Amino acid sequence: MSAQDEVRQEASGRYIAQAAPGGTAMVVSYQYVPPQPVAEETLVAAAWKLAELPLGKVPPRGALPAGSRVALGPNPLFVGRMDDLRTLAAGFAGSSRVLAVAGLAGVGKTQLAAEFVHRYGPYFAGGVFWLTFADPDAVPGEIAACGGPGGLELRPDYSTLNFEDQVRLVLAAWQSGLPRLLIFDNCEDEALLARWRPPTGGCRVLVTTRREVWDPHLGVDVLNVDVLQRPESVELLRRYRADLLANDDTLDAVAAELGDLPLALHMAGSFLARYSEVLTPTAYLTQLRRTGPLSHGSLQKAGISPTGHAQNVSRTFALSYDRLDPATAVDALALALLERIACLVPGENTPRLLLYRSAGVDLGDTDALLMAEDALHRLVELGLLQTQSAGARLHRLVASFVADRQADGDGRAAVEGSLQELFDECNDTGDNLTARGLESHMRAVTEAALERGGQTAVRLARSLGNHLRQDGLSESHDFVYYLERALQIDEQLHGQGHPLTAVSVNDLGFAYQIAGRFGDARAFLVRALPMWEALSDEANRAATLNNLGSLARAEGSLALARRYYEEALDILERILGPSDPRTTSSLSALGILLIQQGELEKAREILERTLRIRLEALGPDDVRTAGAQVALSQLHATLGDFRAARDLYVQALPVLERRRGGSMYAMRRINFLMSIAEEGGSPSEVKQLSAQWNRMRDALLAEARPGSSTFLNNIGFEQWLRGAYGWALRTYLDALALEEQAQGPFSPGLATILNNLGMVRERTGAHAEAAAFYERALNIQQRAGLSNHPLTAKIINNYGMTLSSLGRLPEAQERLEEALALRMQLHGKEQRDTAITLANLAIVRHAQGDRVKALADVEHAVEVCRRCVGEAAPDYARCLHSLGVVNLAEGRALAGRECLEQALTIRQSSLAPDHAETADTLRVLGSLARNEGDRTGATSFLAESLRIYERRLGRDNPTCRAVRDELAAF
């Protein structure tokens, strides 16, 4: 037994049993120490002084009250932390009696407490007393020292009293009503705090600790202190070297390497100051990056510590790390958790789901989960980890320290496997919300794996690429990069005919389609089909057929897409059965395609079947079931059955918000409900939903998160499709502002938004504005080297039609000819968009006198569109409308009326009620009836078109005014 063990003893119960160094054991209890009496006028004056504690502006440093005992003086290098200081002041001015400043090792907890003392200590009339709790046996001696000379000077003969009486006198003084501030520095033990905090009186206690969680009975309010903000880190470095500039990027980079940890910054600043004549910040940064911060001499030894703590960052971490005992179950699990989180992105939140799965914790076993929580809290108590939003995060220097200590562990492989499995699950179920929470870690782990190569890298790259493709919020097409790398490695490892290579070929082909590289997409998907046939893999062959269907649909070849979907469905029904949920992937795709083809009743039958299968096989809480409900809901809205649409959507909401939630999904929800309310709801409901939308929109704009502009652009397109042009215009403008702010004025992402803005302004009659948007979009596409992109063809087509509206027919013809050539190059002649551009060009040519070619072209366009999309599709109606207009211009009234009436029938049955395109056809039919002298027919057609235009465009729109003028002419 050591000498220290011999002099220390503890008593159970409510007593304090402790021995001073070199003394004998004593028992002192607050319970048997009556409070020291204080004159009433003194208490009143002290209370008034504390009431003056500033809660707004942080006060300057001031002299401490007489009797204070504080070892740390003001630190002239202290920077930042003003909000933290105000938070502590507000706590003590309120109901808090014990405040804890918590955080990881080296984050500056003691320094913050010292700064608080010198700025707010003057308001505690009873004095400020600093006690070091690092050695529990030394605490009674620290307390006793507070009562003698240079401290409270409680009695003239204080120094002659025995040690127990000295401690008793101080405890009595601390229980008086006089406001005092006690600092318990480095107090990690709940029992130690319970033993020495005054149970009554006017004392406030400020604890510095690594422990974030305390027993509620102790009444501790915790302020979790984080690392410095980057500008504060740079300023701290400059305090050591005044010759350095505040905007020096090198200092910013040094702070980043050190993770903005105050201890590391202090040591780095001291090092830069010591060697200022021979070492530049740039050279120092190079050294840090070459050796790693923890291995550099600057973080291993420095000069005077402002807090008297160890001046070695690694040793600071080791003091905590070495307290973990791998022989105990909880500590062994804590070490495993630490090893795994060190393999992930430092400073980023790591969800418990990933952390526990990678450590082999059985998530279905309550006892195992409880032990995992104990292990996690153990790391937090030691100051090695910080908890955050259902997870934890690790500082980059701690991560480096752990990696050095556990270099031979199996954490990396466990993390890679768990991440890949989680992402695959998210991709299979559409759970984008969970995947987004893991995305930053997945990117880092995947990049590291790709540097090594191997099948693990392929699995990670494929999982990440497919997630980014599905999520739809990626600002770039980086999912293509990951899937290209996966294929490259698969080909190197396995060759061309291997099943894994075939998977990569298929996935990359689909990714190319999403990125708008239709030619590449077609080449890879067609390449995958014979690979599956050679492997006799019918299930994956069906998957590739589905992808080919998606490509054909995106290109406007709806009839071809339908054949692909039906072939895939036939295979899946044959090998899996008609009731297998995997079969519904083709079934659902076919149903949505039928909506585009205008076969709404057949689409409803298929989507209802999809929903029944998913409800039976997956249950109502699966996101795929919710997706089927949303698809069917949108179809009901198109059919005008708004009650059924709303009911289905509301059923899907809880699942979608849980799996794909967040502010963005909430906005999508409000947008859809608003569309339903505008069609079939009450004005009060529309007003309420509009107010909710505006609040969410304002918050999204203020937050400006990555992906916000893409999200708003998608929302704007939904508003455009339903004819809410005013809402769409505002949403697109918001998306434009966010994209410009985040990516600059030439971001490729702007082109899509600008094109959509042009479509809205053209539809609402602002042709000059539309032309300006199209011109800017084309300029961006050309600067980005995307002159042969499908989006470029779409922009040129739309620009040509706007020029036609402006009366600039030769320019319009030139642009439409350019769009036609590009679409034929990209998609071929037998394609919907090619046909629509040909029909648009025919109208412009006819207006310039090229009548024969115009009529032949538009007739050809109608036939191509019929073959591509079917005779019930809105796109076919668009070409028929154009043919009707040309026929009327040719004086072929009967043929023109036949085309227009057929187009009207299709539009009324396949588009949402009161669609603006329906009004377009009604207006032309009205003009035809007027020219034929059919006053009743003309009035009926024009009045109905005006009603729709006013609803969709607003009464003051130029189109509405023009139709009113036509009606008034009768």
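**View 1. Helix α37 (residues 832-847) and helix α39 (residues 874-889) have axes that come within 10 Å and cross at roughly 15 degrees.** This is a predicted model, where local features need pLDDT of at least 70, side-chain atom pairs count only at pLDDT 80 or more, and totals for chains, interfaces and linings use all residues. Residues are numbered from 1 along each chain as its sequence is written, and side-chain values use heavy atoms, with hydrogens and water left out. Two packed helices are described by the angle between their axes and the distance between the axes. Here an axis is a line fitted to C-alpha atoms, for helices over the stretch in contact, and angles run from 0 to 180 degrees between N-to-C directions. The crossing angle makes α37 roughly parallel to α39 (under 35 degrees is roughly parallel, over 145 roughly antiparallel, 65 to 115 roughly perpendicular, and the rest oblique). α37 passes α39 in a left-handed crossing, meaning that the near helix is turned anticlockwise from the far one by less than a right angle; clockwise would be right-handed. On the α37 side you'll find R832, A835, I836, A839, I843 and H846, which meet D875, R878, C879, S882, V886 and A889 in α39. These contact residues split into seven nonpolar, two polar and three charged (Ala, Val, Leu, Ile, Met, Phe, Trp, Tyr, Cys and Pro count as nonpolar, Asp, Glu, Lys and Arg as charged, and the others, Gly among them, as polar). Contact, by the way, means heavy atoms within 4.5 Å.

**View 2. Helix α9 (residues 249-257) packs with helix α11 (residues 281-291) at an angle of about 25 degrees.** The two axes are 9 Å apart, and α9 and α11 are therefore roughly parallel to each other. The way α9 passes α11 is a left-handed crossing. T250, L251, A253, V254 and E257 of α9 make the contact together with P281, T282, Y284, L285, L288 and R289 of α11. Sort the residues of this α9 and α11 contact and you get seven nonpolar, two polar and two charged.

**View 3. The chain as a whole has 43 helices and 10 strands.** Both kinds of element are DSSP runs numbered from the N terminus: helices are H or I with at least four residues, strands are E with at least two. Taken along the principal axes, the box filled by the C-alpha atoms is roughly 120 × 70 × 65 Å. Of the 970 residues in the chain, 54% are buried (buried means under 20% relative accessible area, exposed over 50%, partly exposed in between, with a 1.4 Å probe and protein chains only). Take the contacts between residues at least 6 apart in sequence: 66% of them join residues at least 24 apart.

View 4. A disulfide is a covalent bond between the sulfur atoms of two cysteines; the search looks for a pair of cysteine sulfur atoms within 2.5 Å.

**View 5. A515 sits in the loop between α21 (499-514) and α22 (518-535).** A515 counts as buried because its relative accessibility is 7%. Setting aside residues up to four places away in sequence, A515 touches H477, F479, V480 and H789. Look for D478 as well: A515 and D478 are 37 residues apart in sequence but 9.4 Å apart in space, C-alpha to C-alpha.

**View 6. S586 is a buried residue in helix α25 (residues 584-596).** S586 counts as buried because its relative accessibility is 0%. Apart from neighbours within four places in sequence, S586 is in contact with N546, Y565, A568, L569 and L572.

**View 7. E153 has a positive phi, near 50 degrees, in a residue other than glycine.** E153 lies in the loop between α5 (139-145) and α6 (163-174), and it counts as exposed because its relative accessibility is 53%.

**View 8. N186, which isn't a glycine, has a positive phi near 60 degrees.** Its place is in the loop between β5 (180-185) and α7 (190-196). N186 is partly exposed, with a relative accessible area of 23%.
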